[in-house]
Amino acid sequence: MTVTYSSQVANATFFGFHRLLLRWRGSIYKLLYRECLCPLSSRFFLSDYQKRLFEKLSLYCDQYAAQIPVTFVLGFYVTLVVNRWWNQFVNLPWPDRLMLPISSCVKGKDEHGRLLRRTLMRYTNLTALLIFRSVSNAVCKRFPTMDHVVEAGFMTPEERKVFDNIRSPHLKYWIPAVWFCNLAAKARQEGRIEDSIELHMLLKEMNALRAWCLTLFGYNWVSVPLVYTQVVTLAVYTFFFACLIGRQFLDPAQGYPGHDLDLYIPVFTLLQFFFYAGWLKVAEQLINPFGEDDDDFEVNWVIDRGLQVSMLAVDEMHMNLPHMTKDIYWN
Amino acid sequence: MTVTYSSQVANATFFGFHRLLLRWRGSIYKLLYRECLCPLSSRFFLSDYQKRLFEKLSLYCDQYAAQIPVTFVLGFYVTLVVNRWWNQFVNLPWPDRLMLPISSCVKGKDEHGRLLRRTLMRYTNLTALLIFRSVSNAVCKRFPTMDHVVEAGFMTPEERKVFDNIRSPHLKYWIPAVWFCNLAAKARQEGRIEDSIELHMLLKEMNALRAWCLTLFGYNWVSVPLVYTQVVTLAVYTFFFACLIGRQFLDPAQGYPGHDLDLYIPVFTLLQFFFYAGWLKVAEQLINPFGEDDDDFEVNWVIDRGLQVSMLAVDEMHMNLPHMTKDIYWN
Amino acid sequence: MTVTYSSQVANATFFGFHRLLLRWRGSIYKLLYRECLCPLSSRFFLSDYQKRLFEKLSLYCDQYAAQIPVTFVLGFYVTLVVNRWWNQFVNLPWPDRLMLPISSCVKGKDEHGRLLRRTLMRYTNLTALLIFRSVSNAVCKRFPTMDHVVEAGFMTPEERKVFDNIRSPHLKYWIPAVWFCNLAAKARQEGRIEDSIELHMLLKEMNALRAWCLTLFGYNWVSVPLVYTQVVTLAVYTFFFACLIGRQFLDPAQGYPGHDLDLYIPVFTLLQFFFYAGWLKVAEQLINPFGEDDDDFEVNWVIDRGLQVSMLAVDEMHMNLPHMTKDIYWN
Amino acid sequence: MTVTYSSQVANATFFGFHRLLLRWRGSIYKLLYRECLCPLSSRFFLSDYQKRLFEKLSLYCDQYAAQIPVTFVLGFYVTLVVNRWWNQFVNLPWPDRLMLPISSCVKGKDEHGRLLRRTLMRYTNLTALLIFRSVSNAVCKRFPTMDHVVEAGFMTPEERKVFDNIRSPHLKYWIPAVWFCNLAAKARQEGRIEDSIELHMLLKEMNALRAWCLTLFGYNWVSVPLVYTQVVTLAVYTFFFACLIGRQFLDPAQGYPGHDLDLYIPVFTLLQFFFYAGWLKVAEQLINPFGEDDDDFEVNWVIDRGLQVSMLAVDEMHMNLPHMTKDIYWN
Amino acid sequence: MTVTYSSQVANATFFGFHRLLLRWRGSIYKLLYRECLCPLSSRFFLSDYQKRLFEKLSLYCDQYAAQIPVTFVLGFYVTLVVNRWWNQFVNLPWPDRLMLPISSCVKGKDEHGRLLRRTLMRYTNLTALLIFRSVSNAVCKRFPTMDHVVEAGFMTPEERKVFDNIRSPHLKYWIPAVWFCNLAAKARQEGRIEDSIELHMLLKEMNALRAWCLTLFGYNWVSVPLVYTQVVTLAVYTFFFACLIGRQFLDPAQGYPGHDLDLYIPVFTLLQFFFYAGWLKVAEQLINPFGEDDDDFEVNWVIDRGLQVSMLAVDEMHMNLPHMTKDIYWN
């Protein structure tokens with residue numbers, strides 16, 4: 001479920017983003033509250049000698065925790081992940097791209113014409129659906145088998161059979177795209193598409209949509225290198241554990257410099273962890289934007305909207321124009 | 001209202017940007033003066049013992065404030081927001097894109113020709129308007145209902161009826177685009193557009209404009225992940241409160257190192273907050289560039305200009321050419 | 001005036017960039033020498049008590065100056081400005097884009113053909129000139145009124161009249177572009193352009209040029225948010241004044257730690273200011289690349305070259321081919 | 001072998017990335033375990049005097065190790081390498097680009113038609129294969145000579161002969177592309193391709209594929225400047241050796257400040273090295289993404305898939321459409 | 001000479017990049033060894049009093065050297081330069097772009113057809129050569145006058161005359177491009193190019209190549225702003241001299257804190273300088289990638305390869321297809 005909050009931050013105001021701090025869905029609190037419970041339960045069961053040893057360890061950790069280069073690694077890593085995330089959004093195969101040319105180029109208000117347009121449009125939606133099934137958990141849950149795809153009306157049983165007969169060990173999302181192009185070529189021969197230019201436009205747009213699908217597949221296939229993710233994760237959690245030990249409030253009676261105050265809860269360490277872990281969570285959410293996180297794309301909605309809108313545009317609205325009248329600025 | 005100051009910084013001069021420091025509209029002072037009033041009113045009502053405790057707390061805060069990684073988080077975050085902001089500007093659906101081909105490709109100086117060109121142009125403007133209504137507060141205030149759109153002349157009452165009859169639970173900004181394409185196809189059949197190539201150009205440009213609209217919709221739908229915004233906001237405000245306590249001027253009589261001077265107003269803390277909060281305000285202003293902030297795009301102006309200019313270009317200026325004469329460099 | 005030094009740094013050599021350090025035009029020295037005179041004239045007129053107080057203030061400033069996050073703010077800001085600067089360069093509307101298709105697609109070596117090609121080319125140059133006038137100080141100075149444009153031969157008096165009769169409260173740079181498209185459509189009807197494909201190419205290139213113009217207009221209209229510029233400027237100058245006070249060479253006799261040496265001139269403070277202010281000056285120069293700074297684009301040259309070159313290409317060189325002979329590698 | 005882990009991080013959960021920390025293939029452990037064995041075997045064989053000297057050296061190293069600017073150099077360098085890596089992925093010459101237009105534009109279900117489509121498609125795959133051979137070690141191992149290419153069915157013996165007869169000292173990957181274009185032109189003359197528009201589409205797509213190949217060649221030819229790689233590598237390893245000496249646990253009896261605890265294993269130094277070296281390893285893996293690292297692209301799979309899928313699409317599936325029936329949303 | 005080392009880093013291995021550290025050509029050692037000789041020859045000729053003063057100066061320099069913000073300035077600057085460098089590579093005008101369409105669209109195996117194709121191709125190569133001459137030192141040395149261009153076979157003496165007769169004070173690289181377009185238009189009239197679509201493709205590709213040339217010219221004309229380069233160079237060298245003085249090993253007998261060890265050679269200072277200067281050298285090499293540095297593009301090779309390959313493709317290979325036979329996967 002995408003978390004949309006644009007309209008709430010339309011204007012910059014007094015403590016502008018403060019309203020955002022109180023939201024739960026998609027928030028940092030929801031993501032981190034479990035991790036934050038850990039540090040609160042230590043240091044109650046130690047003997048006196050253990051305490052002195054622990055304090056030495058603590059000072060040692062404190063000294064070196066600062067040397068773990070969390071900030072930069074995180075900064076560059078999150079930037080990389082955010083860029084990939086947005087590029088995937090840009091490459092979502094919306095069928096809108098094809099509905100305008102199909103609606104205006106494939107002629108005929110009779111049944112055959114309607115069937116042609118609807119089938120072409122359906123192939124477009126089917127291509128998108130098949131690639132979404134392979135990259136998105138949420139879509140895969142909704143359409144676990146091809147039967148569900150047929151049931152949902154994206155495919156007819158006849159097509160299902162032809163589809164199954166095409167033997168390929170590889171992903172078959174491109175099959176409806178090939179059907180689309182061949183059907184368009186056939187429509188051209190039948191004269192439903194009047195012109196090679198118009199056919200050309202349809203093929204070009206379909207090829208662009210197929211390229212988007214391939215790009216989505218590519219992002220799913222080639223992830224951010226595992227080493228990078230591991231380096232960043234290790235850096236954040238090691239830093240966290242080092243701080244957990246190093247930032248204990250030591251017994252003020254021992255007179256360690258800078259440890260005059262015993263607050264029982266290491267507020268700043270918690271906050272610091274909060275920031276770093278929150279930053280890492282940004283990456284965790286966005287590294288696969290097709291999951292079911294609060295901030296992931298609502299791909300199922302994209303599929304439903306695509307089918308509904310594009311069918312309307314190519315069928316009901318085909319050559320169904322409002323009467324032209326002069327606008328109010330005429331002369 | 002967009003704040004334009006390009007012409008004032010055309011040349012780099014002595015203390016070049018200083019003139020910009022004295023502006024109020026769109027300035028950092030206007031955005032921050034309320035936040036700055038807060039820190040000035042503390043530390044006047046404490047007993048002696050409380051003062052000592054407060055001083056310990058203060059030193060503790062001072063020590064750890066430096067550990068909050070404000071700078072980098074802000075740097076990367078603001079860069080992300082600024083990029084999104086500019087990309088949205090680049091994707092504004094200016095109707096200019098279509099006015100040139102419509103003016104030269106749709107023939108006929110008679111009334112029907114004029115009506116055709118004006119209607120095509122109006123559909124373009126209407127598409128842009130509908131998407132602006134859904135992303136921009138300012139436009140939404142100006143056109144709260146479809147009645148206002150009709151009144152403003154972007155839509156005729158006939159079109160309004162057809163528009164309302166198309167049932168879709170989703171945003172309907174694409175409807176005028178479909179009308180446009182169908183009307184263009186009809187004009188081709190009537191011979192008003194002489195050539196498939198010219199029709200193709202119109203459809204392609206319209207499809208590009210529709211893609212821009214979808215992109216704007218996408219930016220509005222999928223915001224910067226909420227977690228990221230929360231992490232950054234929390235970092236800045238926590239840092240601020242830690243400094244507020246930590247950078248108090250302690251009683252010089254107590255001899256804390258580095259606290260020899262009591263200035264009553266923590267100048268540098270204020271300045272530091274000023275920078276970080278100002279940087280955050282950049283993000284707050286730009287995260288939704290369609291609001292009513294000083295730095296937001298003047299979308300209402302874009303709409304008005306689009307209608308006025310494009311109507312001129314396709315109607316009055318159609319085939320209304322100045323007489324060709326030899327230029328002064330002839331031979 | 002653009003400062004070109006590419007050829008001087010073609011090869012990396014011993015202390016490779018050192019030659020660049022001795023240049024005056026477009027150099028950091030030229031930009032900063034005035035600012036550098038300020039800090040040299042302080043600390044000569046204080047009583048003894050004032051001196052002690054001043055020293056306390058100085059130590060305090062020194063301690064906190066380091067906390068102003070100048071480096072990162074500057075780094076991200078300058079990167080943003082440099083990107084905008086280069087994008088504006090990339091969007092300069094060179095008429096070269098249209099001279100090739102006009103030269104080969106608009107037929108006829110007779111006077112009418114020549115007139116047609118020259119007029120089309122002139123409209124292209126005029127569009128570019130009009131947008132340059134609105135964004136560039138230097139061009140605006142050269143062509144303060146439309147009379148100067150007519151005088152310089154970019155527009156004929158007939159066109160001037162038609163141009164003035166078109167009433168629009170908005171910038172009118174798009175008018176010659178509409179003329180261009182209509183004139184091309186007319187040439188197609190007259191058979192001077194033989195083919196719709198060729199007409200299509202002309203219209204497409206013109207539309208692309210118009211898009212470039214709109215982009216330039218956009219960069220001029222929507223500047224870098226004022227807040228950002230103010231934050232950065234304030235950070236640099238505050239830092240500077242803090243250092244100015246904080247880095248004074250204190251009386252070594254008072255035994256402040258780290259102040260054993262009295263050099264009279266705070267060399268490193270000056271250097272540090274030099275770097276930060278120099279970095280900021282980079283931004284000041286580039287934020288409006290159409291001014292008259294040493295590093296700004298020489299737009300007037302672009303205009304002159306465009307007219308001269310493109311007229312040559314479409315008129316004198318039209319179908320004026322060298323005789324084809326076999327090259328030396330034939331067989 | 002590409003390491004795909006997208007589906008495992010679809011949702012952000014409790015200690016979300018922790019599962020990734022336990023993987024071996026493509027992991028940081030596999031890459032670094034050898035480097036980590038080095039530091040563990042020092043400091044056991046020194047005399048007392050040597051120990052004191054060693055301690056001085058150690059303190060000195062510790063002091064200056066922090067001055068080596070590892071973090072930023074690495075951050076910028078890795079960002080550069082990651083960008084290049086992804087751009088190379090984006091430019092992989094998938095034959096999908098051509099299979100849609102070939103399938104719908106090259107007519108004829110008879111043997112000659114099939115032969116034509118299959119040959120065109122084979123030339124596409126051959127172009128991709130030839131460029132892969134020149135950039136990828138893995139492909140080069142699989143196809144060490146042109147004989148292997150012929151054997152694998154990408155080339156016929158006749159083509160091999162013609163290919164060998166073309167004398168050029170340069171890489172010959174462009175030869176099948178020229179064949180493709182000439183064959184397409186011939187098919188146009190024979191009427192197998194009915195229209196210039198369709199021929200144009202084929203040529204344009206082929207030219208785009210050739211441009212991708214050239215880009216891959218360019219990335220292989222012009223690496224990241226050697227100096228940059230050397231600077232980064234030297235920085236990381238020098239830093240490592242400085243830490244190795246500087247972070248020894250000194251004899252606590254000597255009372256060096258901050259050396260109260262003797263842990264025998266410098267945990268934090270190891271960790272720090274782990275991060276920096278891991279980050280560098282990211283670059284090492286990605287700098288040539290066509291090798292045989294765990295994270296490199298599986299180019300051999302791309303080649304096989306391309307041939308299988310594209311042959312299916314242009315031969316078996318050509319004009320082999322499922323029967324059109326009304327979909328379930330009809331009316 | 002481009003330094004290619006991709007194949008040596010195909011796989012990440014034990015101390016993976018170590019092999020690269022031992023290369024001389026294009027290496028950091030070759031670039032920096034001269035600079036490194038400087039610091040080794042100081043501090044041998046001072047009297048005792050001078051020594052004490054020198055030590056004070058040294059401590060002072062050491063303290064402030066850290067304040068020069070070398071790292072970030074360098075990081076952002078090098079990133080800018082590297083981006084420009086790669087963009088220039090991407091815009092190299094390879095004639096490959098045109099050889100495919102020319103080979104398949106310009107008909108006729110007779111002498112006139114061959115002459116036409118070869119001449120068109122030669123004009124393409126000539127355009128590229130002329131722009132290379134104006135941006136690259138290496139090409140300029142090889143072709144110092146137009147005579148050399150004629151001699152090398154890129155231009156015929158007839159063309160030379162026509163070229164010289166065209167009077168323009170500006171760079172004339174666009175002249176062969178205009179010839180190309182006019183010649184193509186003439187070939188269309190003669191029927192050698194059968195179709196406007198094909199002519200259109202040729203003109204479009206030529207226009208794209210011309211745009212690349214203009215881009216290269218633009219990169220050469222508008223360098224990285226001089227101020228930026230000066231700021232960075234000054235920062236690195238000032239830092240270097242400050243370290244040179246500040247990091248001297250002071251007489252341990254004077255008991256300055258942190259100066260217990262006298263190593264005679266300031267290893268870490270040298271290393272640190274090594275990194276910063278090496279990083280700057282990356283920029284020095286890449287800022288003009290058309291020079292004769294080890295890492296510059298081998299433009300002369302690009303020119304020769306272009307001519308050889310493209311002539312082959314359009315002449316010898318034109319319609320010289322291998323006999324089509326069934327591939328081994330037929331059925």
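**From a loop proline to the core**

E:Pro93 lies in the loop between helix H4 (70-90) and H5 of chain E, where helices (H or I, at least four residues) are DSSP runs numbered from the N terminus. This is a predicted model, in which local features need pLDDT of at least 70 and side-chain atom pairs count only at pLDDT 80 or more, while totals for chains, interfaces and linings use all residues. Residues are numbered from 1 along each chain as its sequence is written, chains are lettered from A and ligands numbered from 1 in the order in which they are written, and side-chain values use heavy atoms, with hydrogens and water left out.

With a relative accessibility of 2%, E:Pro93 counts as buried (buried means under 20% relative accessible area, exposed over 50%, and partly exposed in between, with a 1.4 Å probe and protein chains only). Leaving aside residues up to four places away in sequence, E:Pro93 touches several residues of its chain, among them E:Phe132, E:Trp212 and E:Cys213, contact meaning heavy atoms within 4.5 Å.

E:Phe132 is also listed, together with residues such as B:Tyr228, among those with the most contacts inside the largest nonpolar core, which has 505 residues; such a core is a set of buried Ala, Val, Leu, Ile, Met, Phe, Trp, Tyr and Cys residues joined through side-chain atoms within 4.5 Å. B:Tyr228 touches residues of chain A, including A:Trp279 and A:Val282, as well as B:Phe76, B:Tyr77 and B:Leu80, again not counting residues up to four places away in sequence.

Chains D and E meet through helices: the axes of H10 (residues 175-190) of chain D and H5 (residues 96-105) of chain E come within 8 Å and cross at roughly 35°, the axes being lines fitted to C-alpha atoms over the stretch in contact, with angles from 0 to 180 degrees between N-to-C directions. The residues making this contact include D:Cys181 and D:Ala185 of H10(D) and E:Leu100 of H5(E).

Turning to the cysteines, the structure holds 0 disulfides over all chains, a disulfide being a pair of cysteine sulfur atoms within 2.5 Å. D:Cys181 is in no disulfide, and the nearest cysteine sulfur, that of E:Cys105, is 8.1 Å away; D:Cys181 counts as buried, at 1% relative accessibility. The sulfur of E:Cys140 is 16 Å from the closest cysteine sulfur, in E:Cys213, and is therefore too far for a bond, while E:Cys140 is partly exposed, with a relative accessible area of 34%.

Terms used
Helices (H or I, at least four residues) and strands (E, at least two) are DSSP runs, numbered from the N terminus.
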